[in-house]
Amino acid sequence: MSRTALGFILLIIAGVVAPWLNIYPTFLMKGWCFALFACAFNLLLGYTGLLSFGHAAFFGAASYITGHALKVWGLPPEIGLLAGTVFAGVLGYLFGSLAIRRAGIYFAMITLALAQMLYFVWLQMKFTGGEDGLQGVPRGMMFGVIDLTNNVNLYYVVFAIFLFGFFMIYRTIHSPFGQVLKSIRENEPRSISLGYDVAKYKLLAFVISATLSGLAGATKTVVFQLASLTDAHWHMSGEVVLMTLLGGMGTVFGPVVGAFVIVTLQNELADKVGSWVQVIMGFIFVICVLAFRRGIVGELMALFRNLYQRPVGLSARQADVKDTKA
Amino acid sequence: MKHKLMFALVSAALMSLPAGVALAQQKKADAKPAAVKLSDGMVKIGILTDLSGTYSDLAGSGSVLAAKMAIEDFQAQEKDRAFKIELVTADHQNKGDVASNRAREWFERDQVDMIGDLVTTSTALAVMPVAKQMNRITIVSGAASTPITGKNCTDLNVHYVYDTYALAVGTGKAVVKQGGDTWFFLTADYAFGHALEKDTTEVVIANGGKVLGSVRHPFPGTDFSSFLLKAQASGAKVIGLANAGADTQNAIKQAAEFGITPKQSLAGLLMFISDIHSLGLKATQGMYLTEGFYWDFNDETRAWSKRFFEKHKRMPTMVQAGVYSSTLHYLKAVKAAGTDEAKAVMKKMKETPVNDFFAKNAKIRDDGRLVHDFYLLQVKKPQESKSPWDYYHVRQVIKAEDAVMPGAKTECPLLKM
């Protein structure tokens, strides 16, 4: 049994058992939503090497669309979730086709600029409620049978959505398509010279990432019955970068760990230190970048390798590539 | 070895004896006031406020203190007839999602019975439906928007202190009457700013004034120079500030720097005594504003405010005074209803008029609005202020029925029934 399979099994067991361990379910649901968001982001940053600084746009857009669909149009939750997700995907296509024309810092700036534009659209539009946001979104009945007002039901639906998104990302990474993405990350000119239409690959990766970010945002709306500007603000874009880096960029499970660490910190510290949470987050970010650049999961994996395999003459990065192929 | 064990056992038994006695005594004490039936043996009050951001001065730790004072006063009045009351607080960072998250946790996990303060509209609107769903009470003191008792109203919510309508009507009408009959608006470009501008415009026109124009600034804004120059060029006598918090403060500071004031006067449509305190009288002198409470109004308000000042080192804002008054009103209603079940308590709260230093004979309407008097205030000149926090001339007491949006005008379905 490979280590990844073991990781999957542990993850599923943890997810199924967690609500029975006297952990507050809404907190767990928030964690899964952000874990999915971070995993989707990781597909782009960790596996394609594109740093998008506007991913909150997809997260926020989907949460508004889903909120509106459920509250005003009165659609059932599965259709509402789908509407938000599809909208985020379309948005991802539009943003992506513009942004991938540039690389590096320019790519990051274009995504940030587009996301900020969208932020002000949400601020101005009538249906979003501007500063006040969209409240009292009904949870409804999933597929007409699952009553989502029950927290336990909702928890397992959210966990299932997370697993679905997570598995999609896993499959993407480990497909031939994913191999091409990794080759783009490692050496773009060489991928071009091998005959790959790099722009198309990048765009598709961008759209998948945006769509799944949208799914995370839409799910969050159903959980909290609320869509607000926080979801679309650039702080959110920064937060997802932090989650991914802290957990381990370019690892399958890293973003999940990173998301839970950040969400837990926010939850536990909010009462004790107030706005100092931001400062503490920044501090953690600095430590992470200076001291353990591979992130929590990345460092752990490196540690295991050193203990058991000790690959001779392989740098950590090459070892990573080798590992994800396995 | 055996001796040691025996010794440990015996001493443990001896030590637990007094504890057991104490427990028994406590049980006796608990059993006595059986008059009030409580869901989990106590009333839990949550104060959800801004403890670190822009609004921490006008609500924040002062609101927490006010709630604490209300609980202490209630227990002192009732003596041994009082029930157990616990206060929990949290910082919502002015974010709707943080507020709704925390409220949900309080209701589901911690059995909180009532949430108070809720400064900023987004947090109030986010918590109200959660409370309604879980059958708990919200008392909004800090937030200002009219939808709280309008289209978003719930039957388990009270909007205790003020709303933008009351402030717009108070200031707008009074300023026109004082001769400020041409207006220009500086409006924050989002729903809240637009609503404030619209409400005030209606009042100005209805009282024979004229609106020469308006300019919209991005929210949040820092540089108001071009907008202020437009306002200056309009030649209007009054510049209405349809914005809030840091935007208002920046606009006032910059208007003073540009020499716009005191030639043209400013009218703050959403301002608090804490804003005046931090801006200083020099920058704000002569401004008109409306508040629902002023500490230096009469002996009663002064007496309470002095107590508050001793602990907080700042005079109370209307929000903080409102938190005290509403918390006490709530506790009395729990006592009168004999239960902490939300609907029964709310019924009592609406039946009983509020009669304290904050409001006289004020009743809570079916949409949740507390109908009470407002004050039209003018900021003193620096030389007129005799002591710290002596900031206002009370120009007029606006009668409750004039200040509060008439029931026929609100969109709340609860009033239409």
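First, the ground rules. The model is predicted, so local features need pLDDT of at least 70 and side-chain atom pairs count only at pLDDT 80 or more, while totals for chains, interfaces and linings use all residues. Residues are numbered from 1 along each chain as its sequence is written, chains are lettered from A and ligands numbered from 1 in the order in which they are written, and side-chain values use heavy atoms, with hydrogens and water left out.

Let's start with helix packing. Two packed helices are described by the angle between their axes and the distance between the axes. Here, axes are lines fitted to C-alpha atoms, for helices over the stretch in contact, and angles run from 0 to 180 degrees between N-to-C directions. Helices are DSSP runs of H or I with at least four residues, strands are runs of E with at least two, and both are numbered from the N terminus.

Take helix 4 of chain A, residues 77-99, and helix 5 of chain A, residues 104-124. Their axes come within 10 Å and cross at roughly 135°. That makes helix 4 and helix 5 of chain A oblique to each other. On the cut-offs: under 35 degrees is roughly parallel, over 145 roughly antiparallel, 65 to 115 roughly perpendicular, and the rest oblique. Helix 4 of chain A passes helix 5 of chain A in a right-handed crossing. For handedness, look at how the near helix is turned from the far one by less than a right angle: anticlockwise is left-handed, clockwise is right-handed.

Which residues meet there? From helix 4 of chain A we have Phe87(A), Leu91(A), Phe95(A), Leu98(A) and Ala99(A). Among their partners in helix 5 of chain A are Phe107(A), Ile110(A), Thr111(A) and Trp122(A). Contact means heavy atoms within 4.5 Å. By class, this contact of helix 4 with helix 5 of chain A has eleven nonpolar residues, one polar and no charged. Nonpolar covers Ala, Val, Leu, Ile, Met, Phe, Trp, Tyr, Cys and Pro; charged covers Asp, Glu, Lys and Arg; the others, Gly among them, are polar.

Next pair: helix 10 of chain A, residues 234-247, and helix 12 of chain A, residues 276-291. Their axes come within 10 Å and cross at roughly 40°. Helix 10 and helix 12 of chain A are therefore oblique to each other. Their crossing is left-handed. Leu242(A), Leu245(A) and Leu246(A) in helix 10 of chain A meet Met281(A), Ile284(A), Phe285(A) and Cys288(A) in helix 12 of chain A. The class count for helix 10 with helix 12 of chain A is seven nonpolar, no polar and no charged.

Cys288(A) brings us to the cysteines. Its sulfur is 16 Å from the closest cysteine sulfur, in Cys39(A), too far for a bond. Cys288(A) is buried at 2% relative accessibility. Buried means under 20% relative accessible area, exposed means over 50%, and partly exposed is in between, with a 1.4 Å probe and protein chains only. Cys33(A) is buried too, at 2%. The sulfur of Cys33(A) is 12 Å from that of Cys39(A), its closest cysteine sulfur, again too far for a bond.

The criterion is a pair of cysteine sulfur atoms within 2.5 Å. Cys153(B) and Cys412(B) form it, with sulfurs 2.0 Å apart. The S-S torsion is about 80°, so this disulfide is right-handed. Cys153(B) sits in the loop between strand 4 and strand 5 of chain B, and Cys412(B) in the loop between helix 14 and helix 15 of chain B, so the pair ties together parts 259 residues apart in sequence. Cys153(B) is buried at 12%, and Cys412(B) is buried at 0%.

Back to chain A for Val158(A), in helix 6, residues 151-173. Val158(A) is buried at 3%. Its contacts include Met29(A), Trp32(A) and Cys33(A), leaving aside residues up to four places away in sequence. Val158(A) and Leu28(A) are 130 residues apart in sequence, yet 9.5 Å apart C-alpha to C-alpha.

Last topic, backbone. Most residues other than glycine have a negative phi. Leu118(B) has a positive phi, near 50°, and is buried at 0%. Lys313(B) also has a positive phi, about 65°, but Lys313(B) is exposed at 57%.
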